[in-house]
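Please read the following briefing with the sequence and the 3D structure side by side.

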Amino acid sequence: MGLASGLSSKRSSIASIASLHSAKRKDSTSTTSSNSQESKLSAVVAHFSDPDLGIAASEAEAALDKGYLRGWAGGYGGGTGRRLPIAEEERFWLSRQCIERFLDATKGDLAQTIQRLTDALIWRRSFGIEGLFEDPEVEEEAARGRHFYNGYDTAGHLLHYMVPSGMDSKGGEQQIRHAIWLAEVAVALFKPGLGAVTMLVDFGGASSSKKYTITVDCTTVMQAHYPNRLHNVYFRNMSPIMSTFIPLTYPFMDPKTAAKFHIDEDPLQEGTVDADTLIKEWGGKSTFVHKHPEYYNDLNATHKRVMGERFTRWRTLGGVVGEDEFNFFDGEVRSS
C-alpha cells in the first residue's frame, strides 16, 4: 500500500487547482474570511516581503540582539546579533495558509503573529530542518515503527498512528527530532486545504513518566512552530495514570486544540475513519504493515519529489510571500 492510500488517482491540472483559489472553501485550518483578517494577512505579507527585512541568523544570534523583545514584533533590530534576509525557501514556507494558521493561533493579533512567524523562522534556521532528512538518529527512531502515516479520514485529513509504548530510544532529543521530521514530511502528503492530521494514539503499555515528559516537550514545539496542524486526536488504552496525565497537558495547548481530544472514543463508530482505511489494530480492515527501511525511504523520497514540484510551481507563479497553496498543490500525492 502506497503512502498516499485513499487519495483519488485522478490528477488535477495546475489550472484547475488555481481555479479553486477563487471558489468558496471550507478549510479547517483557516479562519481568515473577514475583511479584518484579510487586512491583517496583507499586513503580514507586506512585512515579510520587505526586501530590507533581516531576521536573526539563529536563536543564538537573536539572543545577542539587545532589541529582541519577545511579545513585540518590532523587537528585532538595534542589537548586535547577525541578521539575514528572508531566503527563497522561507518565502515558500510563508504561504497564505501558513500565515492564516499563525493568525488563528494568536486569535488575529497582528503583532503576535509577526512575532511568532519570526520566531519560527529563526527556530527553523537554528534547528536545521533540512538536516533531518539525512539524520541517522531520526532514521533509528523511525525504524521502531511507532509513528506512521497511512490513509486519510473521511474528511480528507492525513491519518497519523502513534504507539507511545515503543518510545524507547537514546533520549527525548532523538524523539523530538523525529517528531519534527514527521511534521515536515506530512506536508507533502496533505491534500489542498487540509493541512492537519487526525491522530490515533494507542497508549497500551505506556507507563514511563519519561514518555509523558517527552510528549509535553513535543507538544510545546508543535504548539509554537506548527500551530493548527492537528484536526483530531483519538486516545485509547489509557491507564489511570494517563487518564490523569492527559488533562495536565491542556495548559500547554490552546482551548481549540484541547477540544480536539477524544478519549476512549471509537473513530470508526463516529464515522471519522472508514473501515477499509482504518488498520486492524483499531478495528478496521486495513492490513498495513510498517516495514523499515522501505517505508522510511519511500516517505523521504515522496517528500523530496512532491515538495520539489510544488516549489517549482510556486516559483513560476512569482515566488512571493503569501501565495495560496491551492495554486501550487497539484491535487494528488503519489508514493514513489
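**Helix α6 and its surroundings**

Helix α6 is followed by Gly-128, a residue whose phi is positive, near 75°. Helices (H or I, at least four residues) and strands (E, at least two) are DSSP runs, numbered from the N terminus. This is a predicted model, in which local features need pLDDT of at least 70 and side-chain atom pairs count only at pLDDT 80 or more, while totals for chains, interfaces and linings use all residues. Residues are numbered from 1 along each chain as its sequence is written, and side-chain values use heavy atoms, with hydrogens and water left out.

**More on α6**

- The helix covers residues 110-127, which makes 18 residues, and it reaches 25 Å from its first C-alpha to its last, close to the 26 Å expected at 1.5 Å a residue; the expected span is 1.5 Å times one less than the number of residues.
- At the start of α6, the backbone nitrogen of Ala-111 has a side-chain oxygen of Asp-109 within 3.2 Å.
- Buried residues of α6 include Thr-113, Leu-117, Leu-121, Arg-124 and Phe-127, where buried means under 20% relative accessible area, exposed over 50%, and partly exposed in between (1.4 Å probe, protein chains only).
- An α-helix has 3.6 residues a turn, so residues three or four places apart point the same way.

**The chain and the confidence of the model**

- The chain has twelve helices and seven strands, and of its 336 residues 53% count as buried.
- Of the contacts (heavy atoms within 4.5 Å) in the chain with a separation of 6 or more, 79% are between residues 24 or more positions apart.
- The average pLDDT, which is the predictor's confidence in each residue from 0 to 100, is 82 for the chain, and 77% of the residues score at least 70.
- Among the elements of the chain, helix α4 (residues 88-93) has the highest mean pLDDT, 98, whereas helix α1 (residues 14-19) has the lowest, 34.
- Over residues 4-32 pLDDT stays under 50, although the model has 58 contacts beyond four places in sequence for them.
- Where pLDDT is low, the predicted coordinates should not be read in detail.

**The largest pocket**

- On a 1 Å grid over the protein atoms alone, a pocket is an open set of points where a 1.4 Å probe fits, with protein on both sides within 12 Å along at least five of seven lines, and lining residues have an atom within 4 Å of a point.
- The largest pocket is lined by 43 residues, of which Arg-124, Glu-130, Glu-184, His-303 and Met-307 lie nearest its centre.
- Helices α4, α5 (96-105), α6 and α12 (294-316) each supply at least two residues of this lining, and α12 gives the most, with eight residues.

- The peptide bond from His-292 to Pro-293 is cis, with omega near 15°, and Pro-293 is found in the loop between β7 (261-263) and α12.
- Asp-264, also in the loop between β7 and α12, has a positive phi near 55° without being a glycine, and it counts as exposed because its relative accessibility is 55%.
- Asn-228, in the loop between α9 (209-225) and β6 (230-236), has a positive phi of about 60° although it is not a glycine, and it counts as buried because its relative accessibility is 12%.

Definitions and conventions
Polar contact = N/O pair within 3.5 Å; in protein donor to acceptor, adjacent residues only side chain to side chain.
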